[in-house]
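Open the model in your viewer and keep the selection tool at hand. The tour below goes from one selection to the next and says what is found at each stop.

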Amino acid sequence: MRAAAERLGVNHSTVLRRIAQLEERLGAQMFEKLPSGYRLTAAGEEVLELANQMEASSHQLETRVFGRDQSVRGLLRVTLAPTLATHLLMPDFADFARLHPDIEMEILSSGELANLTNREADVAIRVVYDRKTLPLNLHGLKGAELFGSVYMSRDRLTAWRAGAPDPIRWIVISIHGIPDWASEGEVRTTGGPFRTTDAGAQIVAVQQGLGITTLPCFVGDADPLLVRVPGADLHMYGTLWLLTQGETRKTKRVRLFTEFVSRRLAAYAPLLAGLSISRD
């Protein structure tokens, strides 16, 4: 009840009152109250099924009307991973915003997948390993392939070559483990891992010389403080896709944006593939 009230922007008693009004109008009990909370009755489950259908129809209506909007103004929501926003595409977003000052841009930089069908975003820029895993209702514009490698700070590599005794830790995000090869390569990890909760902290940690970590090549190769670990291979993360949904993709501002970013991603192909630098 508290969660529903917060989502609706009303208080707890209002939610209770509206449920009571619905039950009175339909002549059926929607919920069974239990010590652990509320559970849908059989009647409530039927109402929920119909409500989901109504919501889907509402979203379909909205996207079709939105798709007819051919003006180069209004709101454009773009969702992508934080690292792609901060280390690659933000200058391009700025260029697009300057070209189209009447388009209000909202950049949703999050690791969570926004629901394009529900109009949580108009365009998604995602790294996809297998196109078949994407929902069939999404329209995809294929971009460049994205590769990564293993990196450490340039100063830490110099110190390691000079025989510095400091441990080289494996820097890892969240609860991910240490790969077996991390202690078998030319530069071997020692000591306990150093864990962070986000990519931003991971990048700063490796810049500070705490150890080695895997990064996308467009991050590691472009950073003058970092260098690829000797002997490190490239590994593929997936392919960048520009994703839109249904009628939304027909809107002029969405088409302009996807075409613009697609050209920029094509120009970044060598950087994204890890081919833009000579090997150290």
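Two strands count as paired if DSSP finds at least two bridges between them. With that in mind, select strand β7, residues 169-173, together with strand β9, residues 211-216. This is a predicted model, and in it the two strands run parallel and are joined by two bridges. For one of the residues involved, pick Trp170, whose bridge partner in β9 is Ile212.

**Thr196**

Stay in strand β8 and select Thr196. Is Thr196 buried or exposed? Its relative accessible area is 7%, and buried means under 20%, so Thr196 is buried. The side chain of Thr196 reaches the backbone oxygen of Asp198 at 3.3 Å. Now show what surrounds Thr196, leaving out its neighbours within four places in sequence. The residues in contact with Thr196 are then Val172, Ile173, Ser174, Ala201 and Gln202.

**A hairpin**

Next, select strand β1, residues 31-34, and strand β2, residues 37-40. These two run antiparallel, and four bridges join them. Leu34 has its bridge partner in β2, namely Gly37. How many residues lie between β1 and β2 in this hairpin? There are two.

**The aromatic rings**

Clear the selection and show the aromatic side chains. How many aromatic pairs does a search of the whole structure find? The search finds four. Start with Phe96 and Phe257, an edge-to-face pair with 5.2 Å from centre to centre and 85 degrees between the planes. Phe96 belongs to helix α4, residues 82-99, and Phe257 to helix α8, residues 252-267, so this pair ties together parts that are 161 residues apart in sequence. Both Phe96 and Phe257 are buried.

Phe96 is in helix α4 and Phe260 in helix α8, so the pair links parts 164 residues apart in sequence. Phe260 is buried, as is Phe96.

Ring pairs link Phe93, Phe96, Phe257 and Phe260 into a cluster.

**Asp95**

Select Asp95, which is found in helix α4. Its relative accessible area of 25% makes Asp95 partly exposed, because that class lies between 20% and 50%. Which residues are in contact with Asp95, leaving aside its neighbours within four places in sequence? They are Phe260 and Arg264. For a distance to check in the viewer, take the C-alpha atoms of Asp95 and Phe260: they are separated by 9.7 Å, while the two residues are 165 residues apart along the chain.

**Arg253**

Move to helix α8 and select Arg253. The relative accessibility of Arg253 is 4%, so it counts as buried. What does the side chain of Arg253 reach at 3.0 Å? The answer is the backbone oxygen of Leu75.

**The whole chain**

Finally, select everything. The protein chain has nine helices and eleven strands. Of its 280 residues, 35% are buried. Its accessible surface comes to about 16200 Å², and 53% of that belongs to carbon and sulfur atoms. Among contacts with a separation of 6 or more, 70% are between residues 24 or more positions apart.

Colour the chain by confidence for the last view. The mean pLDDT of the protein chain is 84, and 85% of its residues reach 70 or more. Where is confidence lowest, and where is it highest? The lowest is in helix α3, residues 42-67, at a mean of 74, and the highest is in helix α7, residues 217-220, at 95. As a rule for any such model, where pLDDT is low, the predicted coordinates should not be read in detail.

Technical notes: Residues numbered from 1 in each chain as written. Predicted model: local features only at pLDDT ≥ 70, side-chain atom pairs only at ≥ 80, totals over all residues. Heavy atoms only, no water. Phe/Tyr/Trp six-rings, centres within 6.5 Å; stacked < 30°, edge-to-face > 60°. Buried < 20%, exposed > 50% of the residue type's maximum accessible area, 1.4 Å probe, protein only. Polar contact = N/O pair within 3.5 Å; in protein donor to acceptor, adjacent residues only side chain to side chain. Contact = heavy atoms within 4.5 Å. Areas by Shrake-Rupley, 256 points an atom, 1.4 Å probe, with all protein chains shown as cover. pLDDT = per-residue confidence, 0-100.
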